[in-house]
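Biologist: I'd like to learn how to read a model like this one. Could you walk me through it, feature by feature?

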Amino acid sequence: MKLNKSIAVLIATYNGGKYIEDLLKSLLNQTFQDFECLIHDDGSGDGTQTILNEYSRRYPDKFQILEYQPMGRSNKNFYSLMQNTDHPYVMFCDQDDVWLEDKIKRSYETIKMLEDTYGVDKPIAAFSDLIVVDQDLNIIHPSFFHYSDINPGMLSLPQLMTGNIAAGCTMIINRKLNQTASSDADNPVMHDWWCMQIASALGYIKRIPAQPMILYRQHADNVVGSAEFKKARNLFHKLQNKILNLGRAAPSSYIKMQRNNAEMLSAITGEDCMWYEFLNQFAHISAKKKSERVAFYQKYNLINPHSCKWWILLWV
């Protein structure tokens, strides 16, 4: 694909016709315009494609629609878009949000600063907070982190193996991270979480300072939203005592995904990485005795009743 701009904004859509035009207008209103949007619709039946086609016709230098088969899941759709770009920088965009006018400018300035410091050959990610709003864009809470009880400073690899703290729609990543993270479109882990893990293991992550840059819309059709973080936190309190008495009992598909994820990361990082031993132990944690597992969690400070980390106790 011919690269016309520095930044590719990836938009994975599915039945987003109710809110997609608000998003597209907010992208056109950005103060920094050295970007283009790559869009793949996953077979919408609600008029989303009609809206996208109209904006692509009116603004061909800004909106490109990629035509290929439906991917079936949001994360697979994003991975496919990641594989279809070689831009220096990539941003992820949810179909129902509104971007504040300086979002791309501030994101670009931050990642350029990081590359100037650490080099373009390191996987780098930057992320920000969000403003939580309802379906009519009325503010529910000025900070997604506070609303969802998330500590945005939890950026070490062990912490990120047990829960993601950055929403993909707030992130900007460099080419090196995009190339590393997009090698397997069938990866069941969400694209934003996988990018954060790779950047933590092999590169650098920075929170973009100052105010949030997105109106993060909450409504009944959200695929993933702040309500999910609240559910996880409440579930932790309900299940904590019960889970501790279950030994290895746990939702097998979720735990298998995390083990496979650790194995994939260890293959990417290699033996010279400081996290190689941790990843190998994490991948095979279920083979350890209960006392050994507890010691492992304590060593890496994984026993923490954080809203996104309740499930780690399922392995205790």
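Biologist: Let's start with a pair of helices: at what angle do the axes of α3 and α8 cross?

Modeller: First, the ground rules: this is a predicted model, where local features need pLDDT of at least 70 and side-chain atom pairs count only at pLDDT 80 or more, while totals for chains, interfaces and linings use all residues. Residues are numbered from 1 along each chain as its sequence is written, and side-chain values use heavy atoms, leaving out hydrogens and water. Helices (H or I, at least four residues) and strands (E, at least two) are DSSP runs numbered from the N terminus. Axes are lines fitted to C-alpha atoms, for helices over the stretch in contact, with angles from 0 to 180 degrees between N-to-C directions. Here, α3 (residues 74–83) and α8 (residues 191–202) cross at roughly 55°, and their axes come within 9 Å. That makes α3 oblique to α8 (under 35 degrees is roughly parallel, over 145 roughly antiparallel, 65 to 115 roughly perpendicular, the rest oblique).

Biologist: Which residues of α3 and α8 meet?

Modeller: The general idea is that an α-helix has 3.6 residues a turn, so residues three or four places apart point the same way. In this case Asn 75, Phe 78, Tyr 79 and Met 82 of α3 meet His 191, Trp 194 and Cys 195 of α8 (contact means heavy atoms within 4.5 Å). By class, that contact has five nonpolar, two polar and no charged residues. Nonpolar covers Ala, Val, Leu, Ile, Met, Phe, Trp, Tyr, Cys and Pro; charged covers Asp, Glu, Lys and Arg; the others, Gly among them, are polar.

Biologist: Is α3 enclosed or open, and what covers its buried residues?

Modeller: Buried means under 20% relative accessible area, exposed over 50%, and partly exposed in between, with a 1.4 Å probe and protein chains only. Eight of the ten residues of α3 are buried, so α3 is largely enclosed by the rest of the structure. The cover includes β1 (7–13), β2 (35–41), β4, α7 (175–181) and α8.

Biologist: On to the sheet. In what order do its strands run?

Modeller: Two strands pair if DSSP finds at least two bridges between them. Seven strands make an open, mixed sheet in the order β3-β2-β1-β4-β9-β6-β10. Its edge strands, β3 (63–65) and β10 (204–207), each pair on one side only. Neighbouring strands are turned by 20° against each other on average, direction ignored. α8 packs on this sheet too, touching β4, β6 (124–127), β9 and β10.

Biologist: How does β4 pair with β1 and with β9?

Modeller: β1 and β4 are parallel over five bridges, with Ala 8 partnered by Val 90. β4 (residues 89–93) and β9 (residues 172–174) run antiparallel, joined by three bridges; Tyr 89 partners Asn 174, and Met 91 stands opposite Ile 172.

Biologist: Which way do the side chains of β4 point?

Modeller: In a regular strand the side chains alternate between the two faces of the sheet. Tyr 89, Met 91 and Cys 93 point one way from β4, Val 90 and Phe 92 the other, and all are buried.
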